[in-house]
Amino acid sequence: MLNFLKAQAYFIKKDTMFRGISLLFFIASAVLAFWVGGKNNFEIINLAQPLILLTQLSLFLYFVIPTYVCFFATEGYEYGSIKLVLASGQSRFAYITGKYISALNFIFVWVIQFFGVYYVCYMSAALISGSVIGNGGLKTDAIQVIRVLGLNVLYLSAYAVLIIMFGIFIRRTASAVVATFLVIFGDFLITGYCREASSALVRELSGYTLTTQIMKFSGVYVVNSERVILSGTKSVVEVLVIPLVITAICMSITYFSFGRRDIHA
């Protein structure tokens, strides 16, 4: 599998779309730093506070990264390389596992890039403008930032598994992209339009969607004009268990399906 992972890393490194999305995140992070900072005159309560402001905008990641995962999951069928990989002796289990590990790698890189470039630009602008850096509440904000970074990686990886599963089933990039957008926006719509529905069952369903949990740990989930945040053991367990369950189910289905189906590239 190591050779396969190296080949995937080389493909990603040379991929024009990967470079384009990396550039997009770089520009978006810089623009957000000056936009968010300009709204509060680059005030810095503590060293972690600028990142706290960005966590509320992290939903942006979920409209970009899953799209690339879709292309990455189906490129083997699109270019016919999947037959060559399997013919070389690579097992189907290793192929799916390698795809998932590679997806985790670029998800981690992009999350760090998104927050890192923003932080550097924000702090640079603050220092140039002469802002005073405070120290109040640093520990609390730092813990919150680390938690949000980790949960973003976890939830993006859950989306990645879900999209890899669809990609293996559909096999064609164009159709898989459509399915990806339906999954992302469908989950978003369930969260937005059903959380205040009259039906208790619909409200309950809305409360367990991926988008709902993302909005909760990002601090932007509002119900009845009140912001809902993670508090208590139950909500923390929910936010951890939901993506893990989705990952386990989707990976099991993908392994089973891919192991039994013929390869038609």
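**Exercise 1. Is tyrosine 255 buried, partly exposed or exposed?**

*Solution.* The structure is a predicted model.
Step 1. Locate the residue: tyrosine 255 belongs to helix α11.
Step 2. Take its relative accessibility, which is 25%.
Step 3. Apply the cut-offs: buried means under 20%, and exposed means over 50%.
Step 4. Tyrosine 255 is therefore classed as partly exposed.

**Exercise 2. Determine which residues surround tyrosine 255.**

*Solution.*
Step 1. Set aside the neighbours within four places in sequence; tyrosine 255 then has contacts with Phe93, Ile96 and Thr97.
Step 2. Consider also methionine 165, which is 90 residues away along the chain. The C-alpha atoms of methionine 165 and tyrosine 255 are 8.9 Å apart.

**Exercise 3. Compare the span of helix α11 with the expected span.**

*Solution.*
Step 1. Helix α11 covers residues 232-260, a run of 29 residues.
Step 2. At 1.5 Å a residue, 42 Å is expected.
Step 3. From first C-alpha to last, α11 reaches 43 Å, close to that expectation.

**Exercise 4. Describe the buried residues of α11 and the nonpolar patch to which α11 contributes.**

*Solution.*
Step 1. The buried residues of α11 include Ser235, Val239, Ile242, Cys250 and Phe258.
Step 2. These buried residues of the helix pack against α4 (65-79), α5 (81-87), α6 (92-129), α7 (138-170) and α10 (210-218).
Step 3. On the surface there is a nonpolar patch, whose members include Phe169, Val237, Leu244 and Ile253. Together its residues have about 690 Å² of accessible area.
Step 4. Helix α11 is the greatest contributor to the patch, with 8 residues.
Step 5. Take isoleucine 253 as an example from α11. Its relative accessible area is 35%, so isoleucine 253 is partly exposed.

**Exercise 5. Identify the residues with the most contacts inside the largest nonpolar core.**

*Solution.*
Step 1. The largest nonpolar core contains 74 residues.
Step 2. Leu61, Tyr62, Phe106 and Tyr155 have the most contacts inside this core. Helix α6 supplies its largest share, 17 residues.
Step 3. Examine tyrosine 62: beyond four places in sequence, its contacts include Leu151, Tyr155, Ile184 and Phe217.

**Exercise 6. Summarise the chain as a whole.**

*Solution.*
Step 1. The chain has 11 helices and 2 strands. Read from the N terminus, the order is α-α-α-α-α-α-α-α-α-α-β-β-α.
Step 2. Of the 265 residues, 48% are buried.
Step 3. The accessible surface is about 13,100 Å², and carbon and sulfur atoms account for 68% of it.

Note on methods: Residues numbered from 1 in each chain as written. Predicted model: local features only at pLDDT ≥ 70, side-chain atom pairs only at ≥ 80, totals over all residues. Heavy atoms only, no water. Patch = residues over 30% accessible without salt bridge, like charges linked within 9 Å, V, L, I, M, F, W, Y side chains within 5 Å. Areas by Shrake-Rupley, 256 points an atom, 1.4 Å probe, with all protein chains shown as cover. Salt bridge = Lys/Arg side-chain N within 4 Å of Asp/Glu carboxyl O. Helix = DSSP H or I, 4+ residues; strand = E, 2+ residues; numbered from the N terminus. Buried < 20%, exposed > 50% of the residue type's maximum accessible area, 1.4 Å probe, protein only. Expected span 1.5 Å × (residues − 1). Contact = heavy atoms within 4.5 Å. Core = buried A, V, L, I, M, F, W, Y, C linked by side-chain atoms within 4.5 Å.
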